[in-house]
Amino acid sequence: FILQQQLAQLQKEKSEILKNLALYYFTFVDVMEFKDHVCELLNTIDACQVFFDITVNFDLTKNYLDLVVTYTNLMMLLSRIEERKAIIGLYNYAHEMTHGSSDREYPRLGQMIVDYENPLKKMMEEFVPHGKSLQDALVSLQMVYPRRNLSADQWRNAQLLSLISAPSTMLNPAQSDTMPCEYLSLDTMEKWIVFGFILCHAALNSDPAALSLWKLALQSSSCLCLFRDEVFHIHKSAEDLFVNIRGYNKRVNDIRECKESALSHAGSMHRERRKFLRSALKELATVLADQPGLLGPKALFVFMALSFARDEIIWLLRHADNIQKKSTDDFIDKHIAELIFYMEELRAHVRKYGPVMQRYYVQYLSGFDAVVLNELVQNLSVCPEDESIIMSSFVNTMTSLSVKQVEDGEVFDFRGMRLDWFRLQAYTSVSKASLGLADHRELGKMMNTIIFHTKMVDSLVEMLVETSDLSIFCFYSRAFEKMFQQCLELPSQSRYSISFPLLCTHFMSCTHELCPEERHHIGDRSLSLCNMFLDEMAKQARNLITDICTEQCTLSDQLLPKHCAKTISQAVNKKSKKQTGKKGEPEREKPGVESMRKNRLLVTNLDKLHTALSELCFSINYVPNMMVWEHTFTPREYLTSHLEIRFTKSIVGMTMYNQATQEIAKPSELLTSVRAYMTVLQSIENYVQIDITRVFNNVLLQQTQHLDSHGEPTITKYYRQKNNDNNGHIAYFPAMKAFVNLPTENELTFNAEEYSDISEMRSLSELLGPYGMKFLSESLMWHISSQVAELKKLVVDNVEVLTQMRTSFDKPDHMAALFKRLTSVDSVLKRMTIIGVILSFRSLAQEALRDVLSCHIPFLVSSVEDFKDHIPRETDMKVAMNVYELSSAAGLPCEIDPALVVALSSQKSENISPEEEYKIACLLMVFVAVSMPTLASNVMSQYSPAIEGHCNNIHCLAKAINQIAAALFTIHKGSIEDRLKEFLALASSSLLKIGQETDKTTTRNRESVYLLLDMIVQESPFLTMDLLESCFPYVLLRNAYHAVYKQSVSSS
């Protein structure tokens, strides 16, 4: 019943099953058809009794062995698919239900799946008739494989791959009777030997040469690659196969001995080979970089070096991932990146100097190879017509070559010639051939050399893929990433870390046109790995740079003026011979001590950081860009973007802004740290070709805004918040051009003079620049506009009284009566004083900005100043305001503050006409003027000559009155001069009245308040001393100055 239910379910989903399983099913059918073709071809080869010798008919023998191994690997991979029976069974059942009959391929396919349950065992039986051909092909490797599978010491003694070991022969072409065998992959040969002798195992008992090759291969490796990351464990599989064959005890013992040998010695042997190859490839790459012309005669050395190195890297990758090791050290190579790097250098030389190699080999083919081949053909005793035609075409093709073709950029194509030689090998290697290649070995060896020379002309890229493709790393992602991390962790190897992103350019070469659907998967993997590697390299470099910057900032901090106080104190005490402190107290190290070296071997932390950075930067700077799956990667841009992000975070971090306590670094100290940071970043240009100025511009310009491009707070925002923090215990001292804390009962956490003196303001201007200072000004103006709005409300409350007072200033008694009716007099003066303090701070900031810009852009600033100074009085106000805005941005003082005008213009009063607004502005000036006498009664209103101001900041009223009047009457299109004259008349008459008062309380600081009139006139570009004299006798001012100076002397 359950079975019926399941079958009913299958009946419903049969179309989906057919659709989803068709690809898998027909892939199995393709494998079966491939097997049929291979068996047919192998039978044909046996029937023709083909002669195989890797040193003579290289292409024929290599392709025959590749065919056998590919066939074996395919059948083994098939047997590893666990669901193979379920797939074909389910597909066939769905086919039956849909079409009423089984698929026609199903019976044979099912039989193949059953037969190849144990593929090697089945194939050992299958290959009995092919044993002779396979054995001959394999035994021919005894001339090649043992010579290639040598120890590092033997390579070293033979001075393998060295161009400079024999200087006299440096220009001689590298020659060999077995040219294509010299760069044949050792890995490939081991696969041929292991799989080949498993299939024709009888040869191991009958042929000592075969047994020797078999043992040597089994001692070299523990596993072989079937396909990508699928491996075949040699010893266990071979032992399981041979243990059941009668009389093979000796072979089984051989396998066990070889397994022990491989586990004990193979790791160290391959480690030593890699060590030798690192030095050999380094020498080869260095010599060829200096003398690229040697790529012509010594091209064989390059491809041999690439092939040897590739074999060792693949061996390590495969064994490190799949074998239980006795000694793990042999399978962890922290210097693998160096070997890959030298491979990439050689590949780059071949690509760059391809035309040099083409010129050399075009001349070689036409001037030497063609002549020698022609002589060989002429001396052949028998040469059938077909063979003669082919060989004549070889000679003609080579003779027609010329250097001019290379110079003209002609594209060469010798594929036809190579295919003809392959055909000729087939014709001349069968048993009944008239011209037997076995009897004319010289011809075979000469043609193999010629084929290599043709590849040097038209197939350099294909040769690079054949000898140095490392796309296998695509399928060992974890090991690949682990190697990269080990490389970065070792400072001496980090210079080679670029090898890993460069390897990602190999990945697309493992794709095949018959399987286009995996191109995207492999392409995406290559992109993600390349991106990850470059990102990690940039992060590592960024971290090193940050550490260096931190060290440099610490050194710069030692040079700050605040640190010299102790030294000065010690010097003073020494002069006065005072003994302070405990005896034996260690002397503080002076800045610069770190640069004094007693020994060259002493290495500081900074030295180590610089060394590590220079190594890593070499790698980042190695290639300007690289192409990975049609995407261009630029390593330097990764570093640039990381530096921008870190520089931004560091600048903001160095402000040390504390939201809770409102503490922040002094601008001068921050500027010192930023400059130290920038000096280090500037030095990066010595290591890497990046535009560090671009980094500075991007980061520092963003810091002049409220938020950066990531929406994070900037130093401009933090300093703006700090400058808005005024607790009322701070006074502006004009003599010092600074804000100073006033003594209070509470302990102050903020020392105003440390942040607002001229040097600090200049530092702030350097950091924030004109943009940041403009933003700061706008913030200050917002505070002023809110105060003006409140003042207007107070004026509206007193509008009737003020209107009467405006016209009654010449009636003292009436004025006194009206004054008593006024409300919020103190509030008006306090708010005007606050405005004055804010404007004084802005004035300091503007002056500092002007000083900074005059240093950086003196010609531009002088032009702006000249422009401002020569505006005609009759100029339209809109035009004048544009000029003032330009001037203000450069830090120049203006008659009318454009920022204040903008801030006050934005105040919109509902239901009030422009005329009413103008009246309120006029009355505000009246209110301030008539309120001034009340300041005389304030204890804090005393003028201090030492600070050139009053302790309660009322001296700031001068700036507030002038600036507010100029802004308001510009907005309401009134006459600034007339309104200020009116103000002066009202103020002077009000102040003259307190001169007649007899109450000492109300007049205690009368003289100090008189001085305000002088300050207002001095501050104003619209009022003159003559005008003041007409309202307020100068003798009173003179006496007032005399009184306050006398008072300050007596109080001190």
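## A strand buried on both sides

Strand 6 spans residues 738–741, and both of its faces are covered. On one side sit Ala738 and Val740. On the other sit Phe739 and Asn741. All four of these residues are buried. Keep in mind that this is a predicted model.

Which way do strand 5 and strand 6 run relative to each other? They run antiparallel. Strand 5 covers residues 730–733, and four bridges join it to strand 6.

In soluble globular proteins, nonpolar side chains tend to be buried together. Here, the largest nonpolar core has 259 residues. Leu281, Phe303 and Phe473 have the most contacts inside this core. Helix 16, residues 299–322, supplies the largest share of the core, with 15 residues. A second core is separate and holds 77 residues, including Ile54, Leu65, Ala137 and Tyr145.

Now zoom in on Phe473. Which residues does Phe473 contact, leaving aside neighbours within four places in sequence? They are Ile313, Leu317, Ile340, Phe480, Met483, Leu503 and Phe507.

## Phe484 in helix 24

Phe484 lies in helix 24, which runs over residues 477–489. Is Phe484 buried or exposed? Phe484 counts as buried, because its relative accessibility is 0%.

Setting aside residues up to four places away in sequence, Phe484 touches Ser497, Phe500, Phe533, Glu536 and Met537. Glu239 is another matter. Phe484 and Glu239 are 245 residues apart along the chain, and 37 Å separates their C-alpha atoms.

## Cysteines without disulfides

How many disulfides does the structure hold? The count is zero. Take Cys894. The closest cysteine sulfur to the sulfur of Cys894 belongs to Cys956, 20 Å away. A disulfide needs the two sulfur atoms within 2.5 Å.

Burial is a separate question. Cys894 has a relative accessible area of 16%, so Cys894 is buried. The cut-off for buried is under 20%. Cys383 has a relative accessible area of 28%, so Cys383 is partly exposed.

Conventions:
Residues are numbered from 1 along each chain as its sequence is written. This is a predicted model: local features need pLDDT of at least 70, side-chain atom pairs count only at pLDDT 80 or more; totals for chains, interfaces and linings use all residues. Side-chain values use heavy atoms; hydrogens and water are left out. Buried means under 20% relative accessible area, exposed over 50%, partly exposed in between (1.4 Å probe, protein chains only). Helices (H or I, at least four residues) and strands (E, at least two) are DSSP runs, numbered from the N terminus. Contact means heavy atoms within 4.5 Å. A nonpolar core is a set of buried Ala, Val, Leu, Ile, Met, Phe, Trp, Tyr and Cys residues joined through side-chain atoms within 4.5 Å. Two strands pair if DSSP finds at least two bridges between them.
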